[in-house]
Amino acid sequence: MLKRSLLFFLIFSFFWIVLPLQSNGKKLDLPTGKLIDDFDEFVETFSSRKCMECHEEIYEEWEESFHARSMVDSIKGIANFFVVGVPKEWQKELNKKEILKCLDCHLPQIKYATERLALEIADLMIEAKKAKEAKDEARFEKVKAKLSKLNITCYACHNIVVHRSSPGWFGEPDPQAIYTANEDVEAEHPTEYTPTLKSAAFCAWCHGVYVASDGESTMCNTLSQSYYHAYISLGGRKTCQECHMYAKDRGHRFPGGHDLEIVKEGIGFQAEIKGFRYGVGKWIPAVNVEAFLTNRAGHRIPDG
Ligand code: HEC
Ligand code: HEC
Ligand code: HEC
Ligand code: HEC
Ligand code: HEC
């Protein structure tokens, strides 16, 4: 009898101790790779918030980055492409395939949206642009709040696009793993090692010319081309990560053209100033300024 109650006690304590450990939200649910049709489920599945509780500092850095605003910062340009570029200039119907020509980089998880949801997201961009043009601030803010939940999340870089620069070499990523550039990591979630995250090619896939599945190319920005042609080919050695992440502990903030500190770093300024006087009869003091601007960034600036 005593033995039995001890057994019950042990079983009870086991569940009492172990179950709460598993159910206090610590477990990370990774996406399954299935297409999603519901907006809220889509946001929740790929959200960076899922990583926040354990990687708080990185989350805060990421939140400040332009990667966290990859949709709201580009509403006008992207909506124009959807309402003018695709239907009027290219005479094509707007569908997921056309939407991918912008959002494959601006919202990589769009890959896992159904055709219907992809169109719903495109419509939100269009609605935001229209509200802005109609100066309907209340409507604009409402749509923008929804759009701000869509961005380049942790999972996008640490899974979806991780092998895009060299698909033949590494193949499709496993949706149920988090990819890292470090070997033998012990984490609370499955991790896989990949060298790509340390390479410039990883960033260049998004920060360069895009070739769509139908062979058409989108030239949103050409920064990476100048990285290879005007920096690496002239003896530059640094990767994007070295200047934009490791230097000054910039981490996941990825400062660029909107950050005065890194902008100053990119421009060398040297000036020669000569004073002189000119004029007939009266002498007018003047200066001759010769300024030399040198580009110290790893590519052409500004870009876009
Ligand atoms: C339950 C806590 C927890 C959650 C939630 C979590 N992680 Fe982690 N993660 C860890 C721990 C612990 C490690 C190993 C120690 C470390 O490197 O921080 C780790 C390691 C990593 C690494 C490898 C770090 C390295 O040193 O190479 C990456 C990348 C990573 N996590 C990304 C993510 C992403 C992306 C998410 C959200 C989709 C996420 N993690 C959610 C706990 C968590
Ligand atoms: C290959 C990936 C890629 C594709 C495809 C892409 N973009 Fe971009 N887009 C970027 C990157 C990277 C930036 C940031 C560039 C920078 O700051 O140098 C950007 C920035 C922008 C901006 C903001 C520019 C600014 O001045 O703030 C707009 C608007 C934009 N893109 C519109 C589009 C449209 C419209 C399409 C589809 C026709 C598109 N993008 C397709 C990668 C892409
Ligand atoms: C734009 C792409 C991008 C996004 C978005 C991104 N990461 Fe990273 N992350 C990287 C790259 C690249 C590295 C590799 C740096 C290295 O080791 O060379 C990295 C490294 C890491 C590491 C390991 C090393 C370190 O710096 O501590 C962790 C952990 C991590 N990321 C977590 C996250 C989390 C959590 C988020 C979202 C809040 C996130 N990342 C968003 C690109 C990204
Ligand atoms: C999934 C595509 C994607 C990947 C991968 C990516 N970026 Fe970006 N990045 C973007 C987009 C899109 C923007 C612009 C968002 C906007 O303003 O609309 C951006 C913005 C930036 C900015 C800010 C530019 C500014 O004007 O302030 C910097 C810096 C940057 N990225 C560097 C990097 C580096 C370095 C890497 C590689 C470690 C990287 N990115 C990987 C898509 C990407
Ligand atoms: C040698 C250091 C260095 C390297 C290497 C480098 N960058 Fe930069 N980058 C800078 C500096 C400095 C700036 C700020 C200059 C400015 O915008 O005036 C900058 C600006 C940017 C911007 C903002 C451009 C704009 O027009 O506002 C983006 C995006 C960017 N870099 C992405 C990348 C990517 C992607 C790579 C790799 C392919 C890379 N960088 C390699 C130093 C570097």
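This is a short talk on a predicted model of one protein chain with ligands.

First, some bookkeeping. Residues are numbered from 1 along each chain as its sequence is written, and chains are lettered from A and ligands numbered from 1 in the order in which they are written. As this is a predicted model, local features need pLDDT of at least 70 and side-chain atom pairs count only at pLDDT 80 or more, while totals for chains, interfaces and linings use all residues.

pLDDT is the predictor's confidence in each residue, on a scale from 0 to 100. The chain has a mean pLDDT of 87, with 83% of its residues at 70 or more. Residues 14–25 stay under 50, and the model gives that stretch one contact beyond four places in sequence. A contact here is two residues whose C-beta atoms, placed from the backbone, lie within 7 Å.

Now the chain as a whole. There are 14 helices and six strands. Both are DSSP runs numbered from the N terminus: helices are H or I with at least four residues, strands are E with at least two. Of the 304 residues, 24% count as buried. Buried means 20 or more other C-beta atoms within 10 Å of the residue's own; 12 or fewer is exposed, anything in between is partly exposed, and the C-beta atoms are again placed from the backbone. Among contacts between residues at least 6 apart in sequence, 55% join residues at least 24 apart.

Next, helix α5, residues 75–89. Where does α5 bend? At Phe 81, by about 35 degrees. That bend is the angle between axes fitted to the seven residues ending at a residue and the seven starting there. Phe 81 is also buried, as are Ile 75, Ile 78, Ala 79, Phe 82 and Val 86 of α5. These buried residues pack against α6 and α7. After α5 comes Gln 91, with a positive phi near 55 degrees.

Lys 92 sits in the loop between α5 and α6. Is Lys 92 buried or exposed? Exposed, because it has 12 C-beta neighbours inside 10 Å. Leaving out residues up to four places away in sequence, Lys 92 touches Val 86, Pro 87 and Glu 98.

Glu 98 takes us into α6, where it is one of the buried residues. In α6, nine of the 11 residues are buried. They pack against α5, α7, α11, β3 and β4.

A residue is near a ligand if its C-beta atom, placed from the backbone, lies within 6 Å of it. Which of the 25 residues around ligand 4 come nearest? Asp 73, Cys 203, Cys 206, Cys 240 and Gly 256. The shell has 13 nonpolar, 10 polar and two charged residues. For these classes, Ala, Val, Leu, Ile, Met, Phe, Trp, Tyr, Cys and Pro are nonpolar, Asp, Glu, Lys and Arg are charged, and the others, Gly among them, are polar.

Ligand 1 has 19 residues around it, with Cys 51, Cys 54, Cys 154, Asn 182 and Ala 187 nearest. Its shell holds eight nonpolar, six polar and five charged residues, and α9 gives the largest share, three residues. Ligand 3 has 19 residues around it, with Cys 51, His 55, Trp 62, Cys 154 and Cys 157 nearest. Here too α9 gives the largest share, four residues. The classes around ligand 3 are 11 nonpolar, seven polar and one charged.
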